[in-house]
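Work through the exercises below with the sequence and the model open. Try each task before reading its solution.

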Amino acid sequence: MAPYALYPVPEMLMPTMTETPSLSPLTLLFLTTGTALCSASANTLNMLYEPSTDAKMTRTRNRPLVRGLISNRAAALFAALCGAAGVSALYFGVNPTVSFLGLSNIVIYAGIYTPLKAVTSFNTWVGAVVGGIPPLMGWAAAAGEAATKDGSWKELLLASDGSSIGGWLLGGLLFAWQFPHFMALSWGVREEYKAAGLRMLAWTNPARNGRVALRYSLVFFPLCFGLCAAGVTDWYFALTSTPLNLWQAREAYRFWKYEGHKGSARGLFWASVWHLPGVMILALLHKKDMWSRAWRSVFGEDEDGEWEEEELGEMAGMAAATAVENGETTKSRR
C-alpha cells in the first residue's frame, strides 16, 4: 500500500544501511491481508443486499448470488468470517486505529452506501469516503510503527506536530479520484442504472455529472502540491505529476463539455484508470530524501564535502580572530 510506503521512514532501506529504523514487512502483510478481508466482507454484504438490482445490469448479472451459485446463508457466513478475520488481523497485527477504520469501511459501504444508491445520488460521495479510508489505514499503520507516545488514534491521525497531514492528503487523492472515474463509468451504463432504480447523476442530472467529474479532477493539482509542502514527497513530484493531472483534467473538461458524448466518457474513464497508479508511482519515486539516503547507503557520506565544510569553518574562525587582532592593534596605535 502506497501510503504505508510513503510514510516518512526509510522503509525501503534495511536498518543496517541507515541509522533510521525501517517499517515492518510483517505489519505490511497484516495490513494488506486484513484490508483485503474487510473488502471481501463489504462486497459480499453489498451483493447480499441487492441481488434483484444486480440481475438488471450487464456488469453485475453474472455475480454468484444472482446466478444462484451459492446460497444467501453461505454468502452471509463468508462475509461474517472475512469481516471478523480482517478486523482481527488489523487489530492484533497492526493497531486498534487501523482495525477501527477497517470495520468502519465495512459499515459505511454495506450499511450506508449500498442502501443509499436507491434513495439519492449523494451515495457517490459516501462511496468516495469508502475509497479514501484505505490510504488513512496505510498511513496509520506506518505511524503506529514509529509512534513515540501512546499510539492512540489522535497521535496517528491528528498528530499535534502536523505529521499526519500526509495521510489525509493521500486519502484526499483517493476520495477525489472516485468522481472522474465513476462519473465516466456510470455514464456508459446510465440506462441500466435507471432501470435498476439506482439513483446516479449520470441519468438523474447529466450536466452536474460532468461538472462534478471536472471539479474533482482539478483538485489533484493542490493535493499533489500539498504532498510536497507536507514533506511526504520532494518538490519534483509537483512537476512530474502535472502532466498526468493535466491529462485527466483535459479529459474531464471534454466530458463536461460534451456531457459524455463524442467519446468523452470513454476518454475520461481510461485517463482515470491510468492516472491514479501513475500518480502513486511518481509519489513513491519522489519520496522525500529517499534517493539521498540510498546514495549515502551505497557510497557513504561525502568525505570531501565534510572536509570542505571543516576547512571553511576553520578559515572563518581564523578570519574572525585576525579581525579582532587588527582591531586591537588599531586601538593601541590610537
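**Exercise 1. The whole chain**

Among contacts in the protein between residues at least 6 apart in sequence, what percentage join residues at least 24 apart? Then describe the secondary structure and the share of buried residues.

Solution. The model is a predicted one.
Step 1. Of the contacts between residues at least 6 apart in sequence, 71% join residues at least 24 apart.
Step 2. The secondary structure comes to 17 helices and 0 strands.
Step 3. The protein has 334 residues, and buried residues make up 45% of them.

**Exercise 2. Spans from a record**

Which residues does the UniProt annotation "transmembrane region" cover, and what is the helix content of residues 167-189 and of residues 267-286?

Solution. 
Step 1. According to the unreviewed UniProt entry, the annotation covers residues 26-49, 70-92, 98-116, 125-147, 167-189, 218-238 and 267-286.
Step 2. Residues 167-189 are 96% helix and 0% strand, and the end C-alpha atoms of this span lie 34 Å apart.
Step 3. For residues 267-286 the values are 95% helix and 0% strand, with 28 Å between the end C-alpha atoms.

**Exercise 3. The largest pocket**

How many residues line the largest pocket, and which lie nearest its centre? Find where the lining comes from.

Solution. Rolling a probe the size of a water molecule over the atoms shows where empty space is left.
Step 1. The largest pocket holds about 770 Å³ of space.
Step 2. Its lining has 33 residues, and those nearest the centre are Asn43, Tyr109, Tyr113, Val130 and Gln178.
Step 3. Sort the lining by type: 16 residues are nonpolar, 12 are polar and 5 are charged.
Step 4. Helix H2 (25-49), helix H6 (96-116), helix H7 (123-146) and helix H9 each give at least two residues to this lining.
Step 5. At the level of domains, domain 1 (24-120) and domain 2 (162-291) each contribute at least three residues.

**Exercise 4. One residue of that lining**

Is Gln178 buried or exposed, and which residues beyond its sequence neighbours does Gln178 contact?

Solution. 
Step 1. Locate the residue: Gln178 belongs to helix H9, which covers residues 165-188.
Step 2. The relative accessible area of Gln178 is 19%. Buried means under 20%, so Gln178 is buried.
Step 3. With neighbours within four places in sequence left aside, Gln178 is in contact with Ala128, Gly131 and Met183.

**Exercise 5. The second largest pocket**

What is the volume of the second largest pocket? Identify the residues and elements around it.

Solution. 
Step 1. The volume is about 270 Å³.
Step 2. This pocket is lined by 17 residues, and Lys149, Glu155, Ala159, Ser160 and Asp161 are the closest to its centre.
Step 3. Two or more lining residues come from each of H7 and helix H8 (153-157).
Step 4. By type, the lining of the second largest pocket has 8 nonpolar, 4 polar and 5 charged residues.

**Exercise 6. Two residues in a loop**

Where does Glu259 lie, and where does Lys262 lie? Give the phi angle and the exposure of both.

Solution. 
Step 1. Glu259 lies in the loop between helix H14 (236-258) and helix H15 (264-285). Lys262 also lies in the loop between H14 and H15.
Step 2. Glu259 has a phi near 55 degrees, a positive value in a residue other than glycine. Phi of Lys262 is positive too, about 55 degrees, although Lys262 is not a glycine.
Step 3. At 38% relative accessibility, Glu259 is partly exposed. Lys262 has a relative accessible area of 64%. Exposed means over 50%, so Lys262 is exposed.

Methods. Residues numbered from 1 in each chain as written. Predicted model: local features only at pLDDT ≥ 70, side-chain atom pairs only at ≥ 80, totals over all residues. Heavy atoms only, no water. Helix = DSSP H or I, 4+ residues; strand = E, 2+ residues; numbered from the N terminus. Buried < 20%, exposed > 50% of the residue type's maximum accessible area, 1.4 Å probe, protein only. Contact = heavy atoms within 4.5 Å. 1 Å grid on protein atoms, 1.4 Å probe; cavity = no way out; pocket = protein on both sides within 12 Å on 5 of 7 lines; lining within 4 Å. Points joined across faces, edges and corners; volume = space filled by probe spheres on them. Nonpolar A, V, L, I, M, F, W, Y, C, P; charged D, E, K, R; others polar. Domains from an automatic or database assignment. UniProt positions renumbered as here; feature names shortened; annotations may be inferred.
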